[in-house]
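Welcome! Let's get to know this structure together through a few questions and answers.

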Amino acid sequence: MSTKVSSPLPGKPQPGNTPAGTGTAAVSGKPVTWRTPVLLTAFGLIALVFFGLMAPNQTASFGISTGEDFFQLPALEVNAFAAGIVLSVLLLGLAAYAVYLKSQNRPAPGWLTVSFIVLFVAAFLIWVVGGARTPSISLAGLIAGSVTLAVPLVFGSLSGVLCERVGVVNIAIEGQLLGGAFTAAIVASMTQNPFIGLLAAAVAGAVVSMVLALFSIKYLVNQIIVGVVLNVLVSGVTGFLFSTVMQANKAQFNSPPGLDIIEIPVLSSIPIIGPILFRQSLVGYLMYVAVLVVWVGLFKTRWGLRVRAVGEHPQAADTLGINVNATRFWNVTLGGAVAGIGGSFFTLVAIDSFTKEISGGRGFIALAALIFGRWNPIGAFFAALLFGFADNLQSIVTIIGTPVPSQFMAMLPYLVTVLAVAGLVGRSRGPAASGIPYVKG
Amino acid sequence: MVRVLKLELRGITKRFGTLLANDHIDVVVEPGQIHCLLGENGAGKSTLMNVLYGLYEPSEGEILVDDKAVSFRGPGDAMAAGIGMVHQHFMLVPVFTVAENVALGAEPTKAAGFLNLEETRRRIKEISDQYGFDVDPDALVEDLPVGVQQRVEIIKALVRNAKVLILDEPTAVLTPQETDELLDIMRQLKASGTSIVFISHKLREVKEVSDTITVIRRGKVVGTADPAAPTAELASMMVGRAVSLNLDKAPAQPKEKTFEVRDLTVIAPNGQHVVDGLSFDIARGEILAVAGVQGNGQTELTEAILGLQDRVSGSIRLDGKELLGRSVKEVLHAGVGFVPEDRKVDGLVGTFSVAENLVLDLYDKPPFAKGISMSPAKILENAKARIGEFDVRTPSAVAAAGTLSGGNQQKVVMARELSRPLRLFIASQPTRGVDVGSIEFLHRRIVAERDQGTPVMIISTELDEVMELADRIAVLYKGKLVGIVPAGTSRDVLGLMMAGIPPEEHGHPTGQAPSAATASTSDAEGGDHV
Amino acid sequence: MSDKHPPKHAAGEHSGKAHEATPAAEETAAVVSVDTAGGAMEPSAVPATAQSGQLPGGPDTLLRKIFTGSGMVSVLAVLLALVIGGLLIASTDKQVATTSTYLFARPSDFLSAVWNAATRSYIALFQGSVFNPRGNSVAAQFAPFMETLTIATPLITAGLGVALAFRAGLFNIGAQGQIIVAGILAAWVGFALHLPLGLHLLLVLVAGIIGGAFWGGLVGLLKARTGAHEVILTIMFNYIALYFLRYLLNTPAFQRPGETNPISPILDPTAVYPQIFGTQYRLHLGFLLAIAATVLVWWLLNRSTVGFEFRAVGANPKAAQTAGINVSRSTVLVMAIAGGLAGMSGVAQVAGTEKVLTDGVAATYGFDAITVALLGRSTPWGTFAAGLLFGAFRAGAVQMQIQTGTPIDIVLVVQSLIVLFIAAPPLVRAVFGLNPRRKKPARAAKSRQAATTGGAA
């Protein structure tokens with residue numbers, strides 16, 4: 001008779017029935033499994049064989065500076081074979097360290113996994129470029145492009161963080177992005193003001209979220225169902241209005257003025273970092289702000305403590321006078337607004353008009369980023385960057401002509417997520433009460 | 001400086017639909033008292049306290065604080081009025097630290113809503129020092145033992161300046177020692193001016209610590225009692241009739257030992273040996289009762305026998321055949337009948353019909369199924385027979401099992417498990433949350449099964465149930481067998497055994513042990529609580 | 001683990017008794033509201049009243065269901081969704097826009113314009129999906145209905161797959177991917193192998209079902225082994241399948257000889273479903289197989305031990321496990337069967353309707369299947385009926401777009417609204433002013449919820 005709520009997402013590890021135990025059964029610490037060390041070793045070996053031993057003996061060239069930089073750095077040129085060997089040996093070294101830690105019954109620290117991923121990606125990149133017909137890419141362009149492609153993903157996954165942390169599963173991220181994109185386009189067109197469009201996108205995302213909140217909180221409809229259905233609904237409504245209103249009068253309804261790229265003088269000319277941090281649209285800058293604000297808010301403020309309490313143990317929050325359902329409602333709404341802003345990126349920054357299904361499933365990648373980032377805003381940010389990177393690489397490999405089919409690059413975020421949720425890349429544990437409606441008394 | 005507070009409940013009535021959970025209840029909690037609400041499970045004590053704490057709105061009646069009527073729209077109001085509550089199921093966020101849990105809802109903040117947990121840590125240390133709690137403000141709650149978690153709950157209330165502290169069945173999950181420590185804490189709190197409403201059905205604790213006792217039965221106050229009143233009197237007030245303390249059962253006629261457990265060890269996922277080297281036998285025609293405080297390995301023991309545990313070593317033999325390493329299905333088919341401790345979670349599928357629940361582990365056997373094709377007619381036929389035999393009160397055989405009362409749900413589980421020829425019958429907490437009328441019926445069925453020559457194992461945390469049913473009593477403590485003693489063993493000895501002290505170390509059976517665990521069970525003779 | 005909502009434990013203590021004493025009228029209310037709140041986990045996917053198998057002779061009569069329960073709510077939900085869809089159509093209608101400029105002078109003009117805009121579209125929808133009176137022969141008049149059945153075929157089988165998984169407590173969002181993988185295998189067998197009539201088609205069907213079952217079963221296996229959540233897994237698997245298909249369509253093995261377009265060769269004539277009513281209609285054997293699949297799933301769920309296990313695992317996995325049911329095995333099996341059913345949709349597409357493999361083989365059938373299963377309340381025949389309804393929407397929408405210019409997207413709107421409303425009966429009843437007991441049902445639902453906590457998935 002413990003109070004533990006059984007998770008509706010049976011996949012998530014149950015936080016254990018701690019209260020059912022007695023004082024005698026209180027052993028802290030989770031067992032360290034062999035999973036991580038074994039996996040790291042496996043991936044290390046894959047790297048050694050494919051990216052090392054089987055790498056072409058060709059020089060891969062990575063441009064670091066762009067023409068706009070205020071000082072030019074020479075392109076980085078590496079021999080794909082040598083680099084592959086070096087990197088895979090490093091990877092195996094990290095794996096060996098994880099094995100050593102396991103033998104001491106200690107878990108692999110976070111930095112180890114992160115460095116492993118970074119090195120693995122580097123090895124992969126050198127291998128891909130080294131094997132291409134034109135073994136030369138602009139690293140700066142690749143990274144800057146990745147950040148750009150990651151913008152809507154980051155907003156989407158932040159929306160997911162806000163919703164799940166408060167106990168509502170948000171499968172409707174896709175719908176929120178799409179709703180934001182559409183509304184930004186139509187409002188910005190009508191007002192000829194992209195800032196009003198941006199604001200309208202936030203409102204649209206919030207409205208989609210409110211429907212999610214209303215049905216899941218007031219009518220106790222399963223949150224996954226509402227999310228799935230909302231995606232269809234938004235797709236239908238935007239598609240309908242696109243075909244009727246927008247296409248009938250494109251000039252008036254579907255030619256939004258874009259948000260310009262704002263370059264911060266001097267700083268934007270720093271190689272690599274400049275374009276990422278200081279050569280962004282308003283939405284891009286907002287992304288960095290949003291990640292920081294959500295992180296600080298969740299973990300450092302009263303609001304965040306309450307949000308997390310509601311997502312972990314709503315009953316406890318309720319007995320301390322916190323209004324669980326109101327907290328959920330407004331946080332879900334806020335999450336929608338955040339995703340809506342992300343949606344505006346499509347129509348105000350990336351492309352200058354709305355088309356059907358412009359979000360193209362990125363809401364689901366955002367969902368993946370949220371999980372891969374372990375429900376943490378910073379984690380979600382980096383996961384989204386990784387997925388943006390994969391997305392960008394996909395188009396680049398098509399251009400430079402590598403043996404890796406671009407479809408497999410496109411598959412990468414989804415494969416990585418499967419590995420993540422299957423616990424192969426470390427256990428992720430979501431908020432305990434996520435997905436469970438709260439019925440008082 | 002110490003503000004004392006008088007609390008009065010006047011005519012509190014709470015209805016759930018047609019059910020009257022509280023019927024015009026009047027209680028006055030005088031300042032600085034420990035006031036006990038005594039009553040059986042389901043008597044309406046918790047409902048009353050949830051009303052007082054603002055979680056439920058009363059259908060009628062009023063709450064008076066210092067003679068002024070107040071209305072609580074939520075727990076926030078109750079806390080503001082100086083009322084704190086420690087719930088039976090702790091209201092702690094497992095992944096938060098102690099400080100975060102304590103701060104939650106009344107967070108000290110710096111500018112712009114930033115948390116200032118330093119302040120909270122200071123208060124926790126202060127209170128810890130005052131009452132001798134040993135609580136680390138930065139420990140994660142999920143890593144703390146249950147006893148410490150309970151202290152965190154108390155700290156939570158005290159930080160909010162609670163002047164009346166409601167403790168809802170606080171000893172249910174505690175070991176005897178932890179219980180005694182809690183009782184000490186309660187006395188200290190009282191001494192420092194905090195009134196306590198102590199909800200319990202355990203007479204020993206109630207008698208030991210209370211100043212006033214209000215007895216509640218079926219949602220009504222049936223009277224107040226003096227803690228000095230004889231146990232039997234309190235018991236009969238609580239239950240509402242003269243309590244028959246002994247089931248009329250013939251002495252056991254044990255035959256050959258067909259169930260043998262040897263060196264059974266179960267390792268939990270966290271590496272702990274939750275069952276540690278158990279060896280015992282059960283003979284045909286006898287009841288072995290396994291006693292112990294909740295969480296000392298009973299659950300894992302039954303799960304290991306049934307095949308639900310992964311890391312098990314040793315041997316479990318039934319009729320000479322090894323059960324260990326077999327699937328649950330194979331174990332059940334070997335003739336094991338199993339009544340799990342929590343019927344709602346493990347015993348029944350709430351949304352299934354009574355009829356389907358009655359074949360939940362027989363659905364693929366003839367006559368209910370041929371191959372993979374099931375026979376609804378046979379299932380229904382079986383249901384009607386079982387419902388009649390066990391007097392299950394249900395609107396129909398196709399009503400959802402979840403809609404039945406606890407007692408009737410338990411009858412469904414028991415009827416199912418006893419409906420086939422058994423080679424071993426295991427019942428875990430067979431009467432938990434079951435009304436008094438059904439308890440007697442269920443006990444008789446268990447004894448009847450024994451008399452048919454089945455080895456029976458009962459697991460119960462209720463000492464009374466153990467003493468009533470057992471032919472022999474095995475006591476578990478921290479997964480180890482403290483000892484196996486005959487049925488007539490005194491409550492004192494059993495109490496010490498439940499605290500981990502084997503009978504041979506007691507000196508003599510009346511139990512003048514130094515342990516505080518049984519310090520006041522001198523009136524235990526004759527079975528004090530019911 | 002028994003009390004899902006601990007502050008309610010007191011209610012839990014009493015809930016049983018409350019129901020023992022519950023009068024029939026309130027019991028009814030409880031049954032209705034339990035559909036939304038009973039399981040707490042999957043309130044609308046599997047109505048609590050439906051999770052139990054169908055035993056003869058129960059009090060759960062059809063009549064009572066129609067008047068008090070889901071039947072009425074379903075009809076009203078469809079109605080409400082159509083009305084809102086109609087308003088959306090009207091809002092973009094030119095005539096409506098014109099009349100709205102003098103709305104206050106002559107509101108009747110405006111209202112009739114709204115009415116005309118909506119009904120014109122819906123009449124076109126009906127004529128495009130059920131019966132077209134302007135057809136110049138009986139055959140032509142019924143052609144729309146045949147088209148409805150054709151489009152309903154993959155919706156029904158994929159919907160059954162989703163519904164079956166729902167009943168076992170699993171959210172199978174992966175019908176889309178399962179259709180794709182099935183389509184790949186079935187199409188390949190259909191165009192790459194050349195076998196005799198009969199055997200070839202059989203092999204195409206088997207290949208498709210195995211493909212879907214593999215893709216679904218893999219999710220089940222990952223879930224059973226690692227505890228990964230199936231919603232995330234199936235979503236990701238959909239995309240993996242799609243990109244894999246796109247990759248294959250870029251390889252010579254899946255392209256027409258001498259071409260590089262991402263389209264497969266046409267399937268052999270021996271590998272396609274025969275058309276049931278001759279070549280004038282597209283309706284093919286797949287529809288009959290869909291009916292057979294519905295019967296099979298009904299039998300499986302209500303009359304077989306396997307289905308009993310699925311339902312038990314779906315309603316209370318812990319109790320199922322304690323009763324000796326192998327939960328992992330059930331999870332894998334149900335996902336495999338669900339995938340196999342979705343696989344039948346893939347076969348219906350490549351061997352029935354399309355006869356080639358493109359990257360649009362699954363269209364949006366896999367996602368629509370979710371709404372179909374939800375509308376059908378996860379019962380086999382409910383899913384069948386819902387499949388027909390949505391098939392009609394899809395078929396009619398094409399005609400509607402041609403005749404009235406109303407975009408097909410309106411179908412998505414109506415479809416999703418229907419599901420939303422059906423999932424929230426209190427909302428529908430409130431809209432239609434049908435809330436006889438304002439407070440009691442909520443209370444009954446809560447106490448019922450406490451009593452049926454086993455519903456956790």
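Two strands pair if DSSP finds at least two bridges between them. With that in mind, here is the predicted model.

Q: Over how many bridges do strand 1 and strand 4 of chain B pair?
A: Strand 1 covers residues 7-16 of chain B, and strand 4 covers residues 60-65 of chain B. In this pair, R10(B) stands opposite E62(B) in strand 4 of chain B. The two strands pair in the antiparallel sense, and the number of bridges is five.

Q: What does the twist average from one strand to the next?
A: The strands concerned are those of the open sheet, in the order 2-1-4-5 in chain B. From one strand to the next, the twist averages 30°.

Q: Where in chain C is confidence lowest?
A: Chain C has a mean pLDDT of 80, with 80% of its residues at 70 or more. Confidence is highest in helix 9 (residues 175-192) of chain C, at 96. At the other end, with a mean of 33, is helix 2 (residues 24-37) of chain C.

Q: Which helix of chain A has the highest mean pLDDT?
A: The mean pLDDT of chain A is 84, and 89% of its residues reach 70 or more. Among the elements of chain A, helix 9 (residues 273-278) has the lowest mean, 79. The highest mean, 96, belongs to helix 5 (residues 173-191) of chain A.

How values were computed: Residues are numbered from 1 along each chain as its sequence is written. Chains are lettered from A and ligands numbered from 1 in the order in which they are written. This is a predicted model: local features need pLDDT of at least 70, side-chain atom pairs count only at pLDDT 80 or more; totals for chains, interfaces and linings use all residues. pLDDT is the predictor's confidence in each residue, from 0 to 100. Helices (H or I, at least four residues) and strands (E, at least two) are DSSP runs, numbered from the N terminus. Axes are lines fitted to C-alpha atoms, for helices over the stretch in contact, and angles run from 0 to 180 degrees between N-to-C directions.
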